[in-house]
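Subject: Structure for you to look at

Dear colleague,

Please keep the structure open beside you while you read.

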Amino acid sequence: SPDGIPSRTVVLVGMMGAGKTTIGRRLAQICGLPFVDADIEIERAAGCSIPEIFARHGEASFRDGERRVIQRLLDGPPCILATGGGAWMDAQTRHLVRRHAVSVWLRAPVHVLVKRVAGRAGRPLLAQGRPDEVLERLVGLRYPVYAEADIIIDCGDDTVEQGVQRVREVL
Ligand code: S3P
């Protein structure tokens, strides 16, 4: 849009550690749109943390909740929406995002992801093995599907401000 303020919800997709939350928060501030973090909305709806959801109910149940929460948010007013790294892997979610929003993949090389998520708790998938190996495997599975996003932004070693600028230029 001419004023750089998106008229539709902007859905940020990409791996854990790609910067969806950090860039999303800043972008929202600049655009004057609300920032919404799907992971936090899922935790709110479930009344417990993501690791607890995984441990008590399993990943499939988490994915169901994630799909429902994103669907609800897409029905609401425009916002900057950061989604969890697995959200875009759901075909129904992709379909809904295509209809109601613009999707932006924040692409970063795996070594950057490894650096950014190192030592950060709260991501149950990373506890399933060596974090670098888990990330490498997920990157292999997910990058071909993330590539279906409307817009792809390379934000590997960028600072937050550079990443935000790159996204703004294409919105
Ligand atoms: C996940 C990423 C997490 C969170 C959950 C699963 C994934 O979100 O949704 O732990 O499958 O990649 P972030 O990408 O915000 O870390």
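Helix α3, which covers residues 50-57, holds both glutamate 52 and arginine 56, and these two residues are four apart, or about one turn of the helix. Please bear in mind that this is a predicted model. The side chains of glutamate 52 and arginine 56 meet in a salt bridge, with a distance of 3.9 Å from N to O. Glutamate 52 is partly exposed, at a relative accessible area of 34%, while arginine 56, at 56%, counts as exposed.

In helix α4 (residues 59-75), glutamate 59 and arginine 63 are likewise four residues apart, which again is about one helical turn, and they form a salt bridge whose closest N and O atoms lie 3.0 Å apart. Is arginine 63 buried or exposed? With a relative accessibility of 18%, arginine 63 counts as buried, because the cut-off for that word is under 20%, whereas glutamate 59, at 32%, is partly exposed.

A further salt bridge joins glutamate 148 to arginine 98, with 3.0 Å between the closest N and O atoms. Glutamate 148 sits in the loop between α7 (131-146) and β5 (151-154) and arginine 98 belongs to helix α5 (residues 91-100), so this pair ties together parts that are 50 residues apart in sequence. Both count as partly exposed, glutamate 148 at 38% and arginine 98 at 40% relative accessibility.

Note on methods:
Residues numbered from 1 in each chain as written. Predicted model: local features only at pLDDT ≥ 70, side-chain atom pairs only at ≥ 80, totals over all residues. Heavy atoms only, no water. Salt bridge = Lys/Arg side-chain N within 4 Å of Asp/Glu carboxyl O. Buried < 20%, exposed > 50% of the residue type's maximum accessible area, 1.4 Å probe, protein only.
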